[in-house]
Amino acid sequence: MLMIKLLLCMELCPSPLGLEKEYATLFTTDSLHFLHELISTFDEEVDEILQLRVSKKAQLDLTGDLPSFLESTTHIRRDPDWKVLPVPSRLQKRHVDIGDLAPCDTERFIKALLSPAQGIQVDFDDGNCPTYYNQIKGIYNVFKAVHNLFPNVPHISQAPVLMLRPRAWNMVEHNMMVEGKEAPGPLFDFGLLMFHCGKALFEQKSGPFFYLSKVEGYMEARLWNKIFVWTQQKLGLPLGSIKATVLIENVLAAFEMEEILYELQEHSAGLNCGIWDYSASFVNKFGHRPAFLLPDRHKYVNMEKHFLRSYMDLLVKTCHRRGALATGGMAALLLPEDPLSDAYRRVLASVTRLKLLEITAGVDGFMVYDLNLVEPMQKLFKGHSEGDNQLDQLRNDVTVFPEDLLSMPSGGVMLNGLKYNIAVGVLFINAWLSGKGHFFYKGQVEDSATAEISRSQVWQWVRHQTRLEDDGRVVSRQLVTDLIKELIMDLRAQRTRQRLHTAAKMFQEVIAKRHFPDFITTYLNQDHTFLSSQNTEPLQALDKDLRRSKL
C-alpha cells in the first residue's frame, strides 16, 4: 500500500476515500511530531507489558498455581491513609452513562450529545470496528464535539461528559509505522485525542477523561500513568488533568485493584466492573483446566453468582476505601418501540432488577446502550440512593478471599445456550467484515465483549467434550459445524450470504484452535480476510443498517 507523510521515520497510509478533510485536520505536521515522540518513547514498554502477560500465563500453566493477592504489595493494601485525588466536579455524578458508542456513527453520537445522560463512553474498543475509516471518522467527530462544531448540539461544557475509550494494548494500528513497527492502537487513539482535544477539554472543565480497557495488572496501570505524566508535560497541562477509569475486565486484575488505583492516584477516576469480558478472562487464563469449566452463561452466569458478586463487592469496597468512584456494567437490552406493550414492561423490569442489584452493592453509576433507558435508570438511581454518588458506602461488611473470586458456578450446557453463543460469535465476525463493531440480535446489542464470552465458551466446551443437558450429546467441532449450518439457513435472508459463510469459517477456525487465542479482536485484526475486507468507501447509514439487522 502506498504510504505518505514520511516524517522522522514515520509512515502513514493515505486518507480513506471521503475523509480527506478529516485526515488533513488530524494529521498535521505538529500532530505527527507529537505522535512520533509519544510512540517512540513508550513503544518498548508496551512490548514489555505484553510479554509480561505471556510470562504470567506461562507461569500459571507450568505450575498449576492460581492467582492470589500479591505479597510484594501488601504494604499498599495495609496502608489506610492513601487516597486517590478527588475527581473534578463533572465526574462526581455519573449515575447513567451511554455505553458502547462508536463515535464514527455520527447520527448516534449527536443523539447521545443531546441526551440527558451524565456521560458518554466514546468507544474505540469493544463497540467499534477499528477500520482506518472508522478511527479517523470517530476521532474527528470527537474533535467536532469538543470544539463545538456540531450545529444545534450543547456546548461541550454542558453536554454529557465524554469518557474516551482508546483501543486496548492487544490492538495495533496497521496504517501507521513508527520506526519500522506498526503503531500500538491505544497510543494512536490516545495521542490524537489528547493532541487535538486535551487542552480544550481541560479549559472547559470537561476532561480529558478516559476509560482504560483490558488492563491486567498494576504494572500496566503504571505504564499508563507514565504516559499521562509525559503527555501533560508535553501539552502544558497540570499534573492530574487526565482522569481515567480502569475497566477490571480480567481475573488477574481483580487481585490487584488497590495497586492499580495506587499507581494512578493523581489520574484515577475509579474502576469499572462488567460481566462478560471478565467472565471470558477465566477461559483465557484457566479454560484448559476442567475445574474452571464455565457453564451456560444464559442459565448459570449472572452478577448474582458468588464469583461475580464477590468481584463487584470487592471493587466497590476497594474504590470507596480509597475515595475512587466505582461504576457498574452496561445494560445491553433494547426497549421495544411500544411503551404500552408487555414486551416493553418485561425488558424494563429485567434491566431494573439487574441495575438495582448494582445500586444496592454501592456502585456510583453504570451504563446503558439504549438512549431510552437513560431517564428510567436515572429515576431508579435517584430513588434508591442519596446524593451525587455513593462514596460513603464503604462496604465494611465485605471480606473477599481468593477462593471467592475463583469459585466457578455449577451448571451445564443447554442446546439453546450453545446456539446463542455460536450465533453471537459468527455474527460478530460478520459485523467486523462489514466494518461494524456491534450488531443487534434478539432484542439486545452485541459487541466484542459478548462475542468474547461466546466464542470462549464454545472453545472450552469443545475442549472438554462437555455434554448437553438436553440430550446428552457431546459438544464437538462437528456439532458446532452442524449448528452453524442451521444458523446460516435461518439468517441468509438478512445477511450478505458470502460474507456470512466467510464469518462462519473464521468462527470454526477460532473455536478449534489447539491453543486459545487471547482476544477475538486480536485474532480478527491480524487476519488477512479482515484486512483485505477493509475498503475506503464511507460506511453509509451505519445506524440504519444496524437497526435493520435486529432480529
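1. Cavities. The model holds 4 cavities of 30 Å³ or more. A cavity here is a set of points, on a 1 Å grid over the protein atoms alone, where a 1.4 Å probe fits but cannot get out. This is a predicted model, in which local features need pLDDT of at least 70, side-chain atom pairs count only at pLDDT 80 or more, and totals for chains, interfaces and linings use all residues. Residues are numbered from 1 along each chain as its sequence is written, and side-chain values use heavy atoms, with hydrogens and water left out.

2. Largest cavity. Its volume is about 100 Å³, a volume being the space filled by probe spheres set on the points, which are joined across faces, edges and corners. Lining residues have an atom within 4 Å of a point; here they include Lys214, Asp277, Glu452 and Phe519. The lining divides into 2 nonpolar, 4 polar and 6 charged residues (Ala, Val, Leu, Ile, Met, Phe, Trp, Tyr, Cys and Pro count as nonpolar, Asp, Glu, Lys and Arg as charged, the others, Gly among them, as polar).

3. Where that lining comes from. Helix α11 (276-286) and helix α18 (448-463) each give at least two residues; helices are DSSP runs (H or I, at least four residues), numbered from the N terminus. The largest share, 4 residues, belongs to α11. Domain 1 (29-404) and domain 2 (415-535) each contribute at least three residues, with bounds from an automatic or database domain assignment.

4. Second largest cavity. This one has a volume of about 50 Å³. Among its lining residues are Leu52, Arg53, Gly217 and Tyr218. Helices α2 (29-63) and α8 (218-235) each supply at least two residues, and the lining divides into 3 nonpolar, 1 polar and 4 charged.

Conventions:
On a 1 Å grid over the protein atoms alone, a cavity is a set of points where a 1.4 Å probe fits but cannot get out, and a pocket is an open set with protein on both sides within 12 Å along at least five of seven lines; lining residues have an atom within 4 Å of a point.
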